[in-house]
Amino acid sequence: MKRTTALLLTLTAVLALSFTACVEDRDKVATMFSGFVTGYTDGQGYVTVIKNDFGDEYMVSEKTQQLKPDTLYRMVASLELDENKTAKVLQMVPTISRRAPVDSLVHDSLRVTDPVEIQSVYLGGGYLNIYLGVKVEKESSNHKLLYSRLATPGKLTFTIYHNARGDRPVYTKHAYISIPLYGYGLAQNDTVFLSCKGYQEDYDYKLVVK
């Protein structure tokens, strides 16, 4: 099966995914959230607005690291939220998030199917969101990930490639992928497919658009 090109990335260890909790500090109750979000930068490059995949939008209370001005960023963030719809950013982790190229455009040398370990996958915020791990030999290991879209009429299927470069599987590092789904004409109850090779067994997901 042919696969497509996309984003080559060097894996980075990142925080755990998606939780919401309440932490009580004397008379103050703060809500903590970690998960996939969309951040919007202002004219100076600071994230000023964050929107989660449930449609909630928050104003950022403090300046974060400076990014490209007037840009939308897909990320995984840890936030402290208050009752005024304001968020304090505790940590921001970038995701791999670009349009998936068509499978036929991927060079044969990139079609490496070393296994991955998918921790979670869901449709939300207009994206296919994937939290995965790969087994590396050491901290300096330089694995490569890419994803692509199979050009099958009437069937939107994505696949993930992983090149471990001969690394021995000693321990797991994690990465986040957030594939944009705009422009595919998806409607409610349509199905998005995801396939890739796993360590124990291969993955074949069918995700229904809500």
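**View 1. The largest nonpolar core.** Of the 25 residues in the largest nonpolar core of this predicted model, I118, L128, I130, L132, F158 and I160 touch the most other members; such a core is a set of buried Ala, Val, Leu, Ile, Met, Phe, Trp, Tyr and Cys residues joined through side-chain atoms within 4.5 Å. At least two residues of this core come from each of β7, β8, β9 (144-152), β10 (155-163), β11, β12 (191-196) and β13 (203-208), and β8 gives the most, with five residues. Buried denotes under 20% relative accessible area, exposed over 50%, and partly exposed in between, with a 1.4 Å probe and protein chains only; 46% of the 210 residues of the chain count as buried. The chain has zero helices and 13 strands, where helices (H or I, at least four residues) and strands (E, at least two) are DSSP runs, numbered from the N terminus. Residues are numbered from 1 along each chain as its sequence is written, and side-chain values use heavy atoms, with hydrogens and water left out. As this is a predicted model, local features need pLDDT of at least 70 and side-chain atom pairs count only at pLDDT 80 or more, whereas totals for chains, interfaces and linings use all residues.

**View 2. The open sheet of three strands.** Antiparallel pairing sets the strands of this open sheet in the order β7-β8-β11, and two strands are taken to pair if DSSP finds at least two bridges between them. The edge strands, each of which pairs on one side only, are β7 (117-124) and β11 (171-180), and the twist averages 15° from one strand to the next; the axes behind this angle are lines fitted to C-alpha atoms, for helices over the stretch in contact, and angles run from 0 to 180 degrees between N-to-C directions. Strand β8 (residues 127-136) pairs with β11 in the antiparallel sense over 10 bridges, and within this part of the sheet L132 stands opposite A175 in β11.

**View 3. The open sheet of four strands.** Here the order is β9-β10-β12-β13 and the pairing is mixed, with β9 and β13 as the edge strands, each pairing on one side only. Neighbouring strands of this sheet are turned by 20° against each other on average, direction ignored. The strands β9 and β10 run antiparallel and are joined by nine bridges, and R149 has F158 in β10 as its bridge partner.

View 4. Seven bridges join β5 to β6 in an antiparallel arrangement, in which M75 stands opposite P94 in β6. The hairpin of these two strands has four residues between them, and K85 takes a positive phi near 60° there. Strand β4 (residues 57-60) also pairs with β6, in the parallel sense and over two bridges, with V60 opposite A87 in β6.

View 5. The place of F54 is in the loop between β3 (47-52) and β4, and F54 counts as exposed because its relative accessibility is 67%. The C-alpha atoms of F54 and V37 are separated by 9.3 Å, the two residues being 17 apart along the chain.

**View 6. The largest pocket.** About 310 Å³ of space lies in the largest pocket. Of the 17 residues that line this pocket, L72, Y73, R74, M75 and T95 are the closest to its centre. The elements that give two or more residues to the lining are β5 (72-81) and β6 (86-94), and β5 gives the most, with four residues. On a 1 Å grid over the protein atoms alone, a pocket is an open set of points with protein on both sides within 12 Å along at least five of seven lines, in contrast to a cavity, where a 1.4 Å probe fits but cannot get out; lining residues have an atom within 4 Å of a point. Grid points are joined across faces, edges and corners, and a volume is the space filled by probe spheres set on the points. The lining divides into 10 nonpolar, four polar and three charged residues, where Ala, Val, Leu, Ile, Met, Phe, Trp, Tyr, Cys and Pro count as nonpolar, Asp, Glu, Lys and Arg as charged, and the others, Gly among them, as polar.

**View 7. The second largest pocket.** This pocket has a volume of about 160 Å³, and its lining consists of L123, G124, G125, G126, Y127, L181, L186, V208, V209 and K210. Six of these lining residues are nonpolar, three polar and one charged.
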